[in-house]
Amino acid sequence: MTVRIRTALTTVMVLVIAITVGAVLLVERVSKQLPLRLPNARACVVDGDGGEISLDADQMANAATVAAVGLSRHVPQQAITVALATAWQESKLRNLNGGDRDSIGLFQQRPSQGWGTPAQIHDARYAARAFYSALLKIDGWQGMRVTDAAQAVQRSAHPEAYEKWADRAESLARALTGETVGAVACTVTGEPAMRGPAAAAELAVELRRDWGDTTDTVTSDNLPGVAVPVRDARAGWQYAHWLVAYAKDRGIKRVRFTNREWTAKSGSWTRVSASADDSSRVLAEVYRAV
């Protein structure tokens, strides 16, 4: 009797294992054939030439700062591409507190190598300015591959590592420099980090930190937020994309430029009717005070 029970249990276990393995193989085979799209947990999407690039809100804001610092210094777009590829490789676009040995921040710069104090390097704006200053001193950097230009600055033990980010960095740079339109879209959920006049004032300060003290902003009591005057469409999209990238941190509810509008609720850009002023300014509305 005992032998029969053991045999039956063994048979059942073999059948269960066989069914499980078969099910896994079937799901794997079918999933490769069906256009199945799982929910995207990322907060921000950049519409690039090679498809969508997914980043979370922190990564997107850091990338926007790197680009804004470059634009405020009037560096070539290729320099911004190199900077973004470097930060992608070194920190995954995160402002890290540490790293290898005494490395810090977005670019993993080292105080012991003369990049600055730990506090300075941990300031994303300072780090980006330092990177651009070093890059622009490299003879012929504009004719180099992205990885070679980055390596000339970073002197990494893995000189080819930056190249795998080159295409994504180029697409992201095109969006953040305003070459592509409505290309940065972030989904913002939950309670706003800030509201009302305080949020608008902090947003104006943050704009000047990234873009320079000459950045002109106008606040309005009727519509809490800021309006950024722009000289042309490309400059408008530079600011518009930056504002969307910082929407989560600064309680931004809506961004509008020309005939396009992004809202935190939809997380995307839609076409709207435009007024005469919509092509000369970028409007960012923050959440009203409760």
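Before you click, know that the model is predicted, with local features needing pLDDT of at least 70, side-chain atom pairs counting only at pLDDT 80 or more, and totals for chains, interfaces and linings using all residues. Residues are numbered from 1 along each chain as its sequence is written, and side-chain values use heavy atoms, leaving out hydrogens and water.

**First stop: the largest pocket**

Select Gln 108, Arg 110, Gln 154, Arg 155 and Ser 156, which lie nearest the centre of the largest pocket among its 23 lining residues. (On a 1 Å grid over the protein atoms alone, a pocket is an open set of points where a 1.4 Å probe fits, with protein on both sides within 12 Å along at least five of seven lines; lining residues have an atom within 4 Å of a point.) The space here is about 590 Å³, a volume being the space filled by probe spheres set on the points, which are joined across faces, edges and corners.

Now colour α3 (77-91) and α6 (146-154), each of which supplies at least two lining residues. The largest share, 3 residues, comes from α6. (Helices are DSSP runs of H or I, at least four residues, and strands are runs of E, at least two, numbered from the N terminus.)

**Second stop: the second largest pocket**

Next, select Leu 71, Trp 211, Arg 231, Gln 238 and Tyr 239, which lie nearest the centre of the second largest pocket, lined by 17 residues. Its volume is about 340 Å³.
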